[in-house]
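Subject: Handover of the structure and what was found in it

Dear colleague,

Please find the structure below, followed by my notes on what was found in it.

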Amino acid sequence: MKCTRCNKNEATVFYKQYINGDVKEYALCADCAKAEELDISIPFAHLNLFGTSKVPVYEKKRCDLCGSLFDDIRKSGKVGCGKCYSVFENELKQTIASIHGTSLHQKRDLQAETKKPSEAESLRAELKAAIDNEEYEKAAVLRDKIKELEGKA
Amino acid sequence: MIKDLDTVISTRVRFARNLKDYPYTNRLDENGAKEIIERIENALGDKYIKTDMTSVSLSHAMSLVEKHIISREFAKSNLPRALFTKDDVKLMVCEEDHIRLQVIKIGFAIDECFSDALECDNKLLSKLNIDYSEALGYLTQCPTNLGTAMRVSVMMFIPGICLSSKLKALVSQLDKLGITIRGMYGEGSESGACIYQISNRETLGVKEEKVIEKIRDIVLQITDIERKARNELFKKGGISLEDKISRAMGTLNYAKCISSKEFCELYALVRMKGEYDLEKLDSLFCNVMPYSLCEHYEKTLNETQRDIARAEYIQKNI
C-alpha cells in the first residue's frame, strides 16, 4: 500500500484515530508520519491523576527530602519521594481513594515471607556447586559445616 | 514443563520498590542514581549480571524492549541506570521506580514467576531500607501502584476470540473484574498478531496471593474460551481457512519481502494451526522486530532493507 500523503513511498505507519466517534485512518510512510508529527509512542493522552484545578492553600509547603511542592506532584502526576506521602498525606488522600478506594494495605502471608532456605539448605547447595566445580577442599569445609549444623539440631 | 503454550506466550510478575530517603527518579540527580545502583548491586551479590544501560546503544536497548526485557521508558531515560539479570529474574534499576523487579517465563507459569520474584524480593527487603507504610504498603512514584506494587501480566495469544468477534465482550467483562487487557507492547499497541496482555489492576487492599489466584482463574477461563473458539473456527472455516494458513506458510517460507505488519498476520495464522514449534515461533517474533533485526545484521537498515532482511531471517530460522 502506498502512503496516502505523498503517494510515493510504501506506507508503514498505520494509525487510526477515534475522536468522539469520528474515525480517521492514516497509512503513511515513515517520512510523512514524521512530517505529520504523529507521535506513535504515546497513543493516548494521559489524564492528570491529581486533577487540574489550582490548590493555592498548599503551595507553600515543601517536602524536606526531595523539595517537592504539592503543585509539582500535581503537575507531573508523579510523587517526589516516599516522604511526600506523609508530608502531603491530606492532599494525596483523595487521589489515592479515587484510584484504590479506601482500603488499607494487605500484607502477604507470612508463609511466603519466611520461605527462605535454611542455613543448612543453602550450604548444601553450595556444597553441590563446589563438587560440580571440582573444588574439593571447599567442599570438605562445607561438608563439615553442614555436619556441625545438623549435629546441633 | 511449559504449560498452555497454545494460548499463553509468557507470564510475568513484577514488583516495584523504592529505597527510603532517596527522591524518586523524576527528582533524582545523577549521583543519587549512581548511589542507588551501587547499593542494589551490593544487595544482590555477584550472581546477577549487571548491564550499565548508559553504555548500551539506543538500538540495542530498543531491541531489549522488543523482547519485553525492559520498558521503552527505561531504554530512553537519561539517568544512570542498570539492568541486573539472573536467569528469568530481571531488575531494572532507576526506571520509574528505583527497582522494577520482574520475572518472565515462557508459557503459563504464574506460580514459578511468583516464587522466583518473592525470593529476590525477600533478599532486597532483608538487605535494603525499602520505602513502606503500614497503610499504603510499598510506596511508589505513581500512586496507582501503591500497596503490593505487584503487577501480574500474562501475554495471551487469542486468535480464536479475535477472529470470531468475541474480543469486545471479553474486554468489557474483564474491565468489570478489575482486569486490564491491552496490546502486546502496552497501551494501544494492537497488531494483527492477536496477542494481548492480561494484568491485574488492584494493588492496594488485596493480598498478593489473592491476585495470583484471580489472574490464574481468569487466564484458565480465557484459555478455555479460546480453545473452543478456535475449534469452532476450524470447523466453520473448512478448506478456505486451511488454504489461508497454507498460503501464510508459503509466504513465510518463500517471500522475498515481509513487512512487520504482514508478519504479524502470518504469525497469527500459522501459530493458531500449531504448525511450527511455538516457542521458536515466538522468539522469531521478537527477533524480526525492527531494532532486533538491525542488531542481528549489525547495521542500520531502512524499511525496505528491513523487509528483505526479515524475510531472509525468517527463512533461515523457521
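In what follows, contact means heavy atoms within 4.5 Å. By that rule, 35 residues of chain A are in contact with 42 residues of chain B.

Before the details, two remarks on the basis of these notes. This is a predicted model, in which local features need pLDDT of at least 70 and side-chain atom pairs count only at pLDDT 80 or more, whereas totals for chains, interfaces and linings use all residues. Residues are numbered from 1 along each chain as its sequence is written, chains are lettered from A and ligands numbered from 1 in the order in which they are written, and side-chain values use heavy atoms, with hydrogens and water left out.

The interface between the chains

The area buried between chain A and chain B is about 3,200 Å², and carbon and sulfur atoms give 58% of it; buried area here is the accessible area (1.4 Å probe) that two parts lose on being put together, summed over both. On the side of chain A, the residues that lose the most area to chain B are Y85(A), H105(A) and R108(A), which together account for 23% of what that side buries.

Between chain A and chain B the count is 4 salt bridges, a salt bridge being a side-chain nitrogen of Lys or Arg within 4 Å of a carboxyl oxygen of Asp or Glu. Among pairs of this kind, the side chains of D72(A) and R27(B) meet at 3.8 Å, N to O.

Helices (H or I, at least four residues) and strands (E, at least two) are DSSP runs, numbered from the N terminus. By class, the side of chain A that touches chain B has 15 nonpolar, 12 polar and 8 charged residues, where Ala, Val, Leu, Ile, Met, Phe, Trp, Tyr, Cys and Pro count as nonpolar, Asp, Glu, Lys and Arg as charged, and the others, Gly among them, as polar.

From chain B, K207(B) is found in the loop between β10 (195-200) and α7 (208-254), and K207(B) touches Q106(A), K107(A) and D109(A), not counting residues up to four places away in sequence. K207(B) is partly exposed, with a relative accessible area of 27%; buried means under 20% relative accessible area, exposed over 50%, and partly exposed in between (1.4 Å probe, protein chains only).

Salt bridges and helices

Over all chains the structure holds 33 salt bridges. In chain A, R74(A) pairs in this way with D71(A), the closest N and O atoms being 2.7 Å apart, and both R74(A) and D71(A) are buried. Because they are 3 residues apart in helix α2 (residues 70-76) of chain A, R74(A) and D71(A) are separated by about one helical turn.

In chain B, a salt bridge joins the side chains of K105(B) and D116(B) (2.9 Å, N to O). This pair links distant parts of the chain, with K105(B) in strand β5 (residues 99-106) and D116(B) in helix α4 of chain B, 11 residues apart. K105(B) counts as buried at 16% relative accessibility, whereas D116(B) is partly exposed at 24%.

Helix α4 (residues 110-127) of chain B has 18 residues, and its buried residues include F114(B), L118(B) and D121(B).

R216(B) forms a salt bridge with E213(B), with the closest N and O atoms 2.8 Å apart. Salt bridges that share partners also join R108(A), R17(B), D121(B) and E208(B) into one network.

Two further places in chain B

D282(B) lies in helix α9 (residues 278-287) and is buried, with a relative accessible area of 10%. T304(B), in helix α11 (residues 303-317), counts as exposed at 52% relative accessibility.

With kind regards

Note on methods: The expected span of a helix is 1.5 Å times one less than its number of residues.
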